[in-house]
Amino acid sequence: RLDDELVVSARLHEGGRASMVIAQEARLKAGDTLLAEGTIRIGWVDSQTMKPGRIPAKILEALQ
């Protein structure tokens, strides 16, 4: 509904060398009812070559 407060979370579900999977949830703040959930796979690409690249360890560490 228009004025409902939501709690949306995202967490690292799986981290690889060149891709990661992020799990997401949306819940109603009142009552903690799960409204939606999903996962997204992100592939790391070198911006110069447009080829798969290794995810920097600093980024994976920050997400854990």
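The questions below cover confidence and charged side-chain pairs.

This is a predicted model, in which local features need pLDDT of at least 70 and side-chain atom pairs count only at pLDDT 80 or more, while totals for chains, interfaces and linings use all residues. Residues are numbered from 1 along each chain as its sequence is written, and side-chain values use heavy atoms, with hydrogens and water left out.

Reader: Where in the protein is confidence lowest?

Author: The score is pLDDT, the predictor's confidence in each residue, from 0 to 100. The protein averages 91, and 100% of the residues score at least 70. Strand β3 (residues 34-43) has the highest mean, 96, and the lowest, 85, belongs to helix α1 (residues 57-63). Helices (H or I, at least four residues) and strands (E, at least two) are DSSP runs, numbered from the N terminus.

Reader: Which residue forms a salt bridge with Lys29?

Author: A salt bridge is a side-chain nitrogen of Lys or Arg within 4 Å of a carboxyl oxygen of Asp or Glu. For Lys29, the closest N and O atoms are 3.6 Å apart, and the partner is Glu5.

Reader: Which residues are linked in a network of salt bridges?

Author: The side chains of Arg27 and Glu25 meet at 3.1 Å, N to O. The network links Glu25, Arg27 and Asp32.
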